[in-house]
Every structure is written in structure tokens, then in C-alpha cells.
Amino acid sequence: MISITNTLAPTAVESPELNNANLKTKQLDFLQKVIEGLQDGILILTEIGEIVHANASARSICSQISQGISQANFVPPAIWHHCKSLIDWSLFPNQHIILSDEIVLNKLNIFRLRVRWLDVDPLQRPCLLVTIENKCETLKNVAIAEVKKYDLTRREAEIWLLYRCNYSYKEIAGQLYISLNTVKKHMKNIHAKRQANIHTQN
């Protein structure tokens, strides 16, 4: 007679509570990765200006705004000023107010700031959600899509990227070490390609 014995170790049956905890941990890890991967800065602050969370973009932008000061829990005054304005508006807590403004450091560093209340149960207290968008980076991304859309040459692409970041023709010429007439010639070609693209879509 042949007997078969099971040599595998018994598998532990996980409780539903443990499964839920594992699922929540995975969801939090996923959300953390999404927030860290965003191009926009995400800051979550308490009412007294302590940082609850800041993604990598927010830390980088805060360092630029504060001109290199990068302390662990430091919110640049230009950002905190807008947060204080929203706190002062807390006389109307049921209104969903979003304060929006721009912080201009120079032509390449213009940041669009949005501040609103964030009322999330796990935080146990109301916090401020601050989103910070680098407008020039956003325009660059739009310009890159347009370069492909209009089938621009490499030189046209360089000129178009600078143009979309609000450089004047003269500044583009200086930046790329080309003549003003060359910039004008390329821009004429770019506009012709854009017009041709519009006509083919209609």
C-alpha cells in the first residue's frame, strides 16, 4: 500500500482585518509615489505653519523661493502669507475658498500658488493644502507637445520653447547666439507650420 503524505507547511489564513490593513498600506504607498512623482509642488501645512508633508517638487520650489534656505520645516514667507490670508477667512468655514496668486522670481521662475483647506479624517485636524505650479515648466511641456504636433526642426524647437517661456525675439537671439533676423525667419516658418496644421484639422 502506498501512502501519500503532505510535506508542505500549513498555510496561514489571513484575517479580513489583516487583508484590509495590507490593502490600505499598498494604497498609501501608491498615493505616496503618485504625489512624489508630480511636477507640481504639494505642501500640507498645519494652521501654525508646520509642514505635515511636502513632496520633492515642493521642497525644491520652496528652496528656490527662499533663495537656498532649505530647513526641514521652513515655509517661505511668500507662501505662508497666502496661507495666513486663508486662515483669516476662516470666519466662513463652510465656504470652499481657494486663494490663488503668483510668485515671480524671474522670467523662468514664475510659480502659481493655490491654497485651500484640507479636511481629512486621518489628520485629526484641518490643514492647508498648497499646490505650487512652475508656470515655465508647464509652458515647456505644452511647447514640447507643440513641437511634435507642428513637426518643427531642432532649431525651430529651441526657438519655440524659449518663445513659449515669454522670451522676446532679441532675448532668443542672445540665448541661442544667432541673429535677430534668423529668429524672425524661424518664427515665420513656425507660424506657417502652425497655420498649416490648423487648416488640416478643419
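I started in β5, where I looked up the bridge partner of R112 and found E133. Before going on, I noted that this is a predicted model, in which local features need pLDDT of at least 70 and side-chain atom pairs count only at pLDDT 80 or more, while totals for chains, interfaces and linings use all residues. Residues are numbered from 1 along each chain as its sequence is written, and side-chain values use heavy atoms, with hydrogens and water left out.

**Entry 1: the parts list**

I counted seven helices and five strands in the chain. For my own reference, helices (H or I, at least four residues) and strands (E, at least two) are DSSP runs, numbered from the N terminus. Going along the sequence, I wrote down the pattern α-β-β-α-α-β-β-β-α-α-α-α.

**Entry 2: the sheet**

In what order do the five strands sit in the open sheet? I read it as β2-β1-β5-β4-β3, with antiparallel pairing. The edges are β2 (51–54) and β3 (98–106), each of which pairs on one side only. Two strands pair if DSSP finds at least two bridges between them. From one strand to the next, the twist averages 20°.

Next I went through the bridges. β3 and β4 (residues 109–118) run antiparallel and are joined by eight bridges. D101 has L113 in β4 as its bridge partner, and V104 stands opposite I110 in β4. The link from β3 to β4 is a hairpin through two residues. β4 is also joined to β5 by eight bridges, again antiparallel.

**Entry 3: helices on the sheet**

Then I checked what packs on the sheet. Helix α3 (residues 77–88) does, touching β1, β3, β4 and β5, and its direction makes about 30° with that of β4. Touching here means contact, with heavy atoms within 4.5 Å. The angle is between axes, which are lines fitted to C-alpha atoms, for helices over the stretch in contact; angles run from 0 to 180 degrees between N-to-C directions.

(The expected span is 1.5 Å times one less than the number of residues.) Which residues of α3 are buried? I listed I79, H82, C83, L86 and I87. Buried means under 20% relative accessible area, exposed over 50% and partly exposed in between, with a 1.4 Å probe and protein chains only. Seen down the axis of α3, the buried residues fall within an arc of 145°, so they line one face of the helix. That arc is taken from the directions from the helix axis to the C-beta atoms. P77, H81 and D88 are exposed on the other side of α3. The buried residues of α3 pack against α2 as well as β1, β3, β4 and β5.

**Entry 4: two cores**

I79 made me look at the nonpolar cores. A core is a set of buried Ala, Val, Leu, Ile, Met, Phe, Trp, Tyr and Cys residues joined through side-chain atoms within 4.5 Å. The largest one has 20 residues, and L43, I79, V130 and I132 have the most contacts inside it. β1, α2, α3, β4 and β5 each supply at least two of its residues. Leaving aside neighbours within four places in sequence, I found I79 in contact with L43, C62, I65, I103, L113, V130 and I132. There is also a second, separate core of 18 residues, including L152, C165, L176 and I190.

**Entry 5: helix α7**

I190 took me to α7 (residues 180–201), where V183, H186, M187, I190 and N197 are buried. Down the axis of α7, these buried residues fall within an arc of 105°, so they line one face. They pack against α4 (135–150), α5 (154–164) and α6 (169–176). N181, K188 and H199 are exposed on the face turned away from the buried side.

A196 is 46 residues from Y150 in sequence, and their C-alpha atoms are 8.5 Å apart in space.

**Entry 6: whole-chain numbers**

Of the 202 residues in the chain, 30% are buried. Among contacts with a separation of 6 or more, 44% are between residues 24 or more positions apart.
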